[in-house]
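Here are some friendly notes to read alongside the structure. Keep it open beside you and check each point as you go.

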Amino acid sequence: MAPLTAHTAHVVDEVLTPIVQDYMPKKFAWMDIFTPVVCRLVDGKVVVEDRSAFVKRDLRRSDDGKVAELETTFSTLDVALEQRSIAGKISRIVQQQSARIPGAMMRRERRVAQTATANLLLQVEIEASEILTDTSNYDDAGVTALADDARWDVAAADPRRFVLEERDAIYLRTGAWPNTLALGHKVITALLLREDIREDARQVRNLAERPLSLGDLSHYFDVEKIVPLRGLFADAASDKKFQLIWGDIAWLGCVDQGESQAAGGGGEVSGMAPVMDDLDTSQTWGAGLRLEGYPYSDPAHYDPMRTSWLYPVHTYDTPHVISKAAAHLWTSVITP
């Protein structure tokens, strides 16, 4: 009798189509909340300028001919990138079985690498949500836990007033105009179902009977961008139901306010410049930075201890708070 091998000991059904039922994170909200900056160093400083440009002065020429002088000062914040790594894994048995189907192993390798990369970035999204919902990352007046009658799914509540008042408060603290409102998934649903908001959109934008959109909410709140916080996670691969990463929050803040905003006239720019290689390369007054390293993958290799092929991927993407004054967080935004 011939010895058993992977080919004779396992029955492999032929794959009918290349279609796969897809469980893959598609969109990461934190990339739209933290101002991106490419870093070529693992750690360094962020320069925080003073408010010299905003100081009221009398610059009329004096009788003695002296010219007023302006010298800026700055402080620094320590920032660092953190490496995150994971390796996709294909067991030798699966590899041997895939060899029976033309192209199956190549597709499996690509799929495992994509899944590992998506899961890697999902961990950064989860960490970013923890940073954004950590009340210690805000000024004393930067967090509001809404009372029951003020929650945004209550008809008598006025969420637009909350946002406009905090927008003005942030502007007076920083000199920067908050341009982004991030809303939890269930918060968006509650707002879209409110008839008074729908009626307001109909009157202001002359809408027909179509459902409200995120663009309508952006107009209602008078912000440049609405970021939907719809990220999901599972505690185990076998879980039958996903959980929301961000919860029922609302967040208003300054995002990507540098040359692009100054050119668009969206608001003034205070000086806060990410510094890389000792050069001031851009300005921002974002509440946080997305420190971007260079993602990369290692060559696939076989590990005899695990009897599997490994496909390592890495990233240095790191969310980092740089200003406690440039954002406002609302918690308990809707009724549980």
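This is a predicted model: local features need pLDDT of at least 70, side-chain atom pairs count only at pLDDT 80 or more; totals for chains, interfaces and linings use all residues.

The points below go from the overall picture to confidence and then to the cysteines.

1. Next, look at the secondary structure.

2. How much of the protein is buried? Of its 336 residues, 39% are buried. The accessible surface comes to about 19,500 Å², and carbon and sulfur atoms account for 54% of that surface.

3. Now consider contacts along the chain. Among contacts with a separation of 6 or more, 76% are between residues 24 or more positions apart.

4. Where is confidence highest, and where is it lowest? Strand 6 (residues 180-184) has the highest value, at 97, while helix 8 (residues 259-264) has the lowest, at a mean of 32. The pLDDT is below 50 over residues 257-280, and in the model this stretch makes 65 contacts beyond near neighbours in sequence. Please keep that confidence value in mind when you look at those contacts.

5. Finally, the cysteines. Cys39 counts as buried because its relative accessible area is 11%, and the cut-off for buried is under 20%. Cys254 is buried too, because its relative accessibility is 0%. How many disulfides are there? The count is zero, with a pair of cysteine sulfur atoms needing to lie within 2.5 Å to qualify.

Key
Residues are numbered from 1 along each chain as its sequence is written. Side-chain values use heavy atoms; hydrogens and water are left out. Buried means under 20% relative accessible area, exposed over 50%, partly exposed in between (1.4 Å probe, protein chains only). Contact means heavy atoms within 4.5 Å. Accessible areas come from the Shrake-Rupley method with a 1.4 Å probe; for residues, only the protein chains shown count as cover. pLDDT is the predictor's confidence in each residue, from 0 to 100. Helices (H or I, at least four residues) and strands (E, at least two) are DSSP runs, numbered from the N terminus.
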